[in-house]
Amino acid sequence: MASKAPNQLGTYLRDRRIRLDPAAFGFGGGRRRTPGLRREEVASRANISPTWYTWLEQGRGGAPSADVLDRIAKGLMLTEPEREHLYMLGLGRPPEARYQPVDGITPRLQRVLDGMALSPAIIKTAMWDVVGWNRAAAILLTDYAKLPREGRNILRLMFGSDHVRARNEDWDSIARFVVGAFRADVARAGANNSAEATKLVTELCLVSAEFEALWQDNDVVAHGDGVKRIHHSDAGLLAMEFSSFAVEGRPELGMIIYNPASPDDADRLRALLDAPR
């Protein structure tokens, strides 16, 4: 006779429950047979039936809904990684993304960027706002520090700046890539129907007929990697390979790193970065 599969969801819920201090949540009651909150106390905090919560811990009653899992996550004071794990155990998938605007990056992430002295690198949000960059990116791409915060948006620069357009050798293909990747990013981050995304798309459609046409094409592309050719007033035409990376634990952020495509490009980039400023 086959053994019953372990109740991983119930085990996880019980483990989180017994770690909580009842006094911190206003629950008294003197001596308790077991540490942590009682099942009915968690159910009360989650606004669900005590019987239903008990069944979940016991592996009965079928799969919970996303709403129930969110209520339990809130009741148990779960962190975002813990909430995601709860979803994986309960529904076999991560929760839907919840978009949160980002103003900047942590000092640790900035040190990661600064450690790549010879590789221009940026960190952008799902809205394609550049929120982090290193010195090499400021010299080769754009000195974002000199731009107002709203001007640090890659889409605004691509479709609203003649200077940026002239610097991109393959502007048409880069522009199509950027719009398709942006569409995928805002959907993945749960921001496709947000006020921020709607405002940005409306603004860009008014500013650029080319953006409007690309947006109406509904193309979606993955970030992946590729080659970008940049005209620089001092270094000439530089071919730069780019690779895109997710930032662990920060689904709303992405990192793009550029590296010279050839030894000649590397020599000219190094000379550009070494030149006095």
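Which residues in helix 2 meet which residues in helix 3?

1. This is a predicted model, in which local features need pLDDT of at least 70, side-chain atom pairs count only at pLDDT 80 or more, and totals for chains, interfaces and linings use all residues. Residues are numbered from 1 along each chain as its sequence is written, and side-chain values use heavy atoms, with hydrogens and water left out.

2. From helix 2, Arg39, Glu40, Val42 and Ala43 meet Pro50, Tyr53, Thr54, Glu57 and Gln58 of helix 3. Contact means heavy atoms within 4.5 Å; helices (H or I, at least four residues) and strands (E, at least two) are DSSP runs, numbered from the N terminus.

3. Helix 2 (residues 39-46) packs on helix 3 (residues 50-58) at about 115 degrees, and their axes are 8 Å apart. Axes are lines fitted to C-alpha atoms, for helices over the stretch in contact, and angles run from 0 to 180 degrees between N-to-C directions.

4. An open sheet is formed by five strands in the order 2-1-5-4-3, with antiparallel pairing. Two strands pair if DSSP finds at least two bridges between them. Strand 2 (130-133) and strand 3 (225-232) are at the edges with a single partner strand each, so one side of each is left without a neighbour in the sheet. From one strand to the next, the twist averages 30 degrees.

5. Five bridges join strand 1 (residues 121-125) to strand 5 (residues 250-260) in the antiparallel sense. Lys124 stands opposite Gly254 in strand 5.

6. Helix 6 (residues 107-114) lies across strand 1, strand 2, strand 4 (236-247) and strand 5. Helix 6 runs at about 55 degrees to strand 2.
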